[in-house]
Each structure stands twice: as C-alpha cells, then as structure tokens.
Amino acid sequence: MFTIIFSGFKNTVSMAFVSLIFAVLLGFVLAASRYYNIPVLKQFSVVFTSFFRSTPFIAQLFVFYYYYGFAQISAAVRGLSSFWAVVIVLSLSFAAYMGENIRGAISSVDKGQFEAGISIGMTPWQTIRRIVIPQAARVAVPGMVNSFANLFKSTSLAFTVGVMDMTSCAKNEVNLTYRYLEGFIALLIIYWVILALVSYAQSLLERYMNRPYVQEGR
C-alpha cells in the first residue's frame, strides 16, 4: 500500500514546492504594497488577501479550472494541465497567508533601523536587504512554515481535477481492493511523517537564526 501511494509522491512534492516559491514571491509583493502604502497596489492587496483568506481552496480550484469554472470561457485555462492549474490556485491562495506573515515580520523591525541605514548612505533596497530582511526573516519563519504545512496538505485536493498525487493513488487503490481503512491510514502516516520532518527542519532553522540574539552563557 505504501509503495502504491508513494507513486504519487513526486507530483505532491512538486506541486507543494513550486507553489511555495510563487506564493512567497507574490506574498512579498502584497506585503510590501501594504507596508509602504503603495497607491492602488495597497488596495488591491487588501481585497486579494481578504478574498483568498475567506474562501475555501477547493471552491477556488473549481471556479478557476473545473468544467463549470473559468475553463468555460477561457481557452488558456482549458489548455492548462491539471498540475499547473493546481499550482496556480495554490500559489494565489497561499500568497494571501504568506503576505500577512511577511508584513507582520517586517512590521516587527523598528523603523528607526531603516532610517539609520539610510543615514549612513545605504540605498532603500540595500537597507531592506541587509538590515530589515535578516531581522524580519527570523520572525516570519514560524508562520510561513505553518502556512507551508497547510499548503502541503491542500495538495491532497488536487485529485479532484485529475492530478495523480498521493491521495489520488490511495483512492484508486482502495477502490480496487476495498481496503479503505488500511489505505487511508497509510496516507495519513505518510503526510504525518513528511510534515513532522518539516517541523523538525523548522526548529533547526529557528535555532540557527536565533543564535546571534542569544546571549553567551544562556
């Protein structure tokens, strides 16, 4: 059973990590738009974040890709593979969460440090890159890893549009063997182990990033 479920492992992990990259990039844009009060983009960011945080992922996926969604009116959407359709919707949906995590982390850095960077001759981008981001990153990590865990679990809904992920493999197997309990327990164990490893990696990363802030002897 585990071997059969693992045949969808590549698609599940690929969807999760590609979506993570796009979600973080878009989340950074959303966060910056609100934090620096960029006209138009700030208003768009507020509406975007509210919409994607307040609606269920599966409904977003169906509206975007399923035969009764945008695929009815857009040849470009109809031409997408189910894999990329899921990646796009996951990226948009979780960018809303990543953006809020990043914005909160940036807000935790004293604005005086940005002004200090400018005062010693740094450009705004150099100040953000060298002073603000390193400090904000350690604050953002827990929330972003938590969002990634939810993103990873949401890939289990990809089977609804035909992606052969781990859930789809498990579902097909139990439909043939009628071993529903064993099949779905195996699936739960696999997700549990993967995300337990992610959580462990998070603790190591946090420990590493917090080292400069820990006083000697403590």
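Is tyrosine 178 buried or exposed? Select that residue and take a look: at 61% relative accessibility, tyrosine 178 counts as exposed, because the cut-off for that label is over 50%. Keep in mind as you click around that this is a predicted model.

**Stop 1: the loop at tyrosine 178**

Stay where you are. Tyrosine 178 sits in the loop that links α9 (166-177) to α10 (180-210). Check the backbone here as well: phi is positive, about 65°, although tyrosine 178 is not a glycine. That deserves a glance because most residues other than glycine have a negative phi.

**Stop 2: the loop at asparagine 37**

Now jump to asparagine 37, which lies in the loop between α2 (9-35) and α3. Its phi is near 50°, again a positive value in a residue other than glycine. Asparagine 37 has a relative accessibility of 48%, so it counts as partly exposed.

**Stop 3: threonine 49 in helix α3**

Move along to threonine 49, which you'll find in helix α3. With 5% relative accessibility, threonine 49 counts as buried; the cut-off for that is under 20%. What does threonine 49 touch, leaving aside neighbours within four places in sequence? Show side chains for Leu30, Arg34, Ala96 and Glu100, and you have its contacts on screen.

**Stop 4**

Time for the aromatics. Searching the whole structure turns up 11 aromatic pairs. One of them is phenylalanine 48 with phenylalanine 52, a tilted pair whose centres are 4.6 Å apart and whose planes make an angle of 45°. Both residues belong to helix α3 (residues 41-54), four residues apart, or about one turn of the helix. Phenylalanine 48 and phenylalanine 52 are both buried.

**Stop 5: another ring pair, in helix α8**

Next, select phenylalanine 148 and phenylalanine 152. How are these two rings arranged? Their centres are 6.1 Å apart and their planes stand at 50°, so this pair is tilted. Phenylalanine 148 and phenylalanine 152 are four residues apart in helix α8 (residues 124-154), so about one helical turn separates them. Phenylalanine 148 is buried, as is phenylalanine 152.

Together, Phe17, Phe148, Phe152 and Tyr191 form one aromatic cluster. Turn the view until you can see each of the four rings, and that's the end of the tour.

Technical notes:
Residues numbered from 1 in each chain as written. Predicted model: local features only at pLDDT ≥ 70, side-chain atom pairs only at ≥ 80, totals over all residues. Heavy atoms only, no water. Phe/Tyr/Trp six-rings, centres within 6.5 Å; stacked < 30°, edge-to-face > 60°. Helix = DSSP H or I, 4+ residues; strand = E, 2+ residues; numbered from the N terminus. Buried < 20%, exposed > 50% of the residue type's maximum accessible area, 1.4 Å probe, protein only. Contact = heavy atoms within 4.5 Å.
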